[in-house]
Every structure is written in structure tokens, then in C-alpha cells.
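Me: I would like a close look at one part of this model, and then at how its surroundings are put together. Please keep to what can be computed from the atoms.

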Amino acid sequence: MPHSKNEMLQIMSNNPWFAGLPLGERKAMVAAAELVQVHAGEMLYRKGDPAGGFFGVLSGAFKVSTVGEDGREGILSVVEQGNWFGEASLLDGQVRPHDATAMQACEVLVISPIAFARLMRRNAFACAMAGLLCSRVRVLYGLVEDAMLRSTATRVARRLLVLCRGDATMAPDARASVAVSQEALAMMLGITRQTLSKELKALVQAGVLVLGYGRIDIVSLAALELRGALA
């Protein structure tokens, strides 16, 4: 059964960034959006594509990734329900820098480039977009800092902390279980599956995690935070 605009508004408002917008801006975004169904494994866009819209994940999740010269995939982010993404190419007029692929069946709100340009003329929306971009930059600098300065063990802990708060969402309340495979987590960190397995086993032995099929359960968030805080 199709979602009403009010239902879409309520679902998307679970996201901290969207919930922080004035109600009028949230309603304007939902009113301007078209609901699109995306099948599991289907690409929303590919690297090099022109900007086709600003996207809000109503249900499901997308991986934002790129492929290296050796053919290995690097997962940069997981975009879950409530998150909006894809604004950079609309703002700078450049092509898509990464691939966005549905990890499961997804429902996506699509704001067209024309509608996005209209929204950008609204001061509250433009200010909110500036804030969203700032949060992206902070995450990017954090990833670079981790890669340059932190041990593999610390990087694993920090990435799990990000994922248990919804990756791009960064919700204040951490979830007790992260739906991610070890293969996908290794891709996010840019390390081999064997290296990741060694670090995860150490966390399991320390009573911090429990490994499940396609998921990682956080037994002690405090212990994980302590390991992620180490330089």
C-alpha cells in the first residue's frame, strides 16, 4: 500500500538532520519528491553519471562505493532509512564521484534537480544543506585521520561505533546489533578479510562483540568506545 505524504514525513523525521529542519521545509521536501522503488543489487547511480536528483531513503539501505585499479571495491558509506544523500553533484554541477547500490529492496524519495534548485532559494533549506555538507566533511576528515594515524584495531572499533549509530545518520543512541557482513566491513576499512578476522576475534575474546551471520552484536558499548578512543 503506497505511503501517504504524512507517513513519509514521519519516517524521514527519524533522521536527526531532517528532524532539525523547520516543519515547513520538511513538508516542502516531501511534497517535491517522487517515490521510486529500487531492487536489491540495483544501482541508483554510477560513478560518472550526471546529477539526477537528491535522494532520501524511505526504506532499505544503499552502499556508496568505488572500485580500485585492482578491481577491489571500497565501501565508503552505508546510507540507511531516513538519510538524504547525493547533494554534492547538484551543488557543484560535477558528475557522480561514486556508485550507489541498493543493499536490499529500497524505497527512495527523489527530488529532481529542478525542484532542488527551487528549494535552494529558501534560506532555511540552503542553511540546512550547508550544515549537511559540514557533517560530510567532518566524517571525511575523520576517515583520513584514522587511516593515517590509528592502528588497525582502533580503526575497526571506530568504524563499528559509526555503524552502530547508523553511519551517515549518527544517531545519539547506539544500536545493539550492526547488520554488516565481515566482507563488507573489510571493504569499508580497506583491509583484507584475514586482517579483519584477526581483529574481530580479539574483540570477541575480550567480551566486546559477538559475531553472527551477517551481523555483529555489541556486547559492551563502553569497552568498544574505549578501544575506539585509543590513538
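What is the relative accessibility of Arg122, and how is Arg122 classed by it?

Reply: Arg122 has a relative accessibility of 34% and therefore counts as partly exposed; the classes are buried (under 20% relative accessible area), exposed (over 50%) and partly exposed in between, with a 1.4 Å probe and protein chains only. The model is predicted, so local features need pLDDT of at least 70 and side-chain atom pairs count only at pLDDT 80 or more, while totals for chains, interfaces and linings use all residues. Residues are numbered from 1 along each chain as its sequence is written, and side-chain values use heavy atoms, with hydrogens and water left out.

The side chain of Arg122 forms a salt bridge with that of Glu25, at 2.9 Å from N to O. The two partners lie in distant parts of the chain, 97 residues apart: Arg122 is in the loop between α5 (113-120) and α6 (123-149), and Glu25 is in helix α3 (residues 23-32). Glu25, at a relative accessible area of 10%, is buried.

A salt bridge requires a side-chain nitrogen of Lys or Arg within 4 Å of a carboxyl oxygen of Asp or Glu, and by this rule there are nine. Another one pairs Glu87 with Arg136, whose closest N and O atoms are 3.0 Å apart. This pair also links distant parts of the chain, with Glu87 in helix α4 (residues 87-92) and Arg136 in helix α6, 49 residues apart. Glu87 is buried at 3%, whereas Arg136 is partly exposed at 25%.

Arg158 belongs to helix α7, and the two residues are twelve places apart. Arg158 is partly exposed at 25% relative accessibility, and Asp146 is buried at 10%. Both belong to a network of salt bridges that also takes in Glu145 and Arg150.

A nonpolar core is a set of buried Ala, Val, Leu, Ile, Met, Phe, Trp, Tyr and Cys residues joined through side-chain atoms within 4.5 Å. The largest has 25 residues, and Val156, Leu160, Val180, Leu185, Leu196, Leu200 and Leu209 touch the most other members. Two or more residues each come from β5 (73-80), α7 (152-163), α8 (182-189), α9 (193-205) and β11 (215-218). A second, separate core has 24 residues, including Ala33, Phe54, Leu90 and Met129.

Within α9, the buried residues are Leu196, Glu199, Leu200 and Leu203. Down the helix axis they fall within an arc of 100 degrees, taken from the directions from the axis to the C-beta atoms, so they line one face. On the other side, Gln194, Lys198, Lys201 and Gln205 are exposed. The cover over the buried residues includes α7, α8, β10 (209-212), β11 and α10 (221-229). Leaving aside neighbours within four places in sequence, Leu196 has contacts (heavy atoms within 4.5 Å) with Val156, Gln182, Leu185, Ala186, Leu189 and Ile191. Just after α9, Gly207 takes a positive phi of about 80 degrees.

Definitions and conventions
Helices (H or I, at least four residues) and strands (E, at least two) are DSSP runs, numbered from the N terminus.
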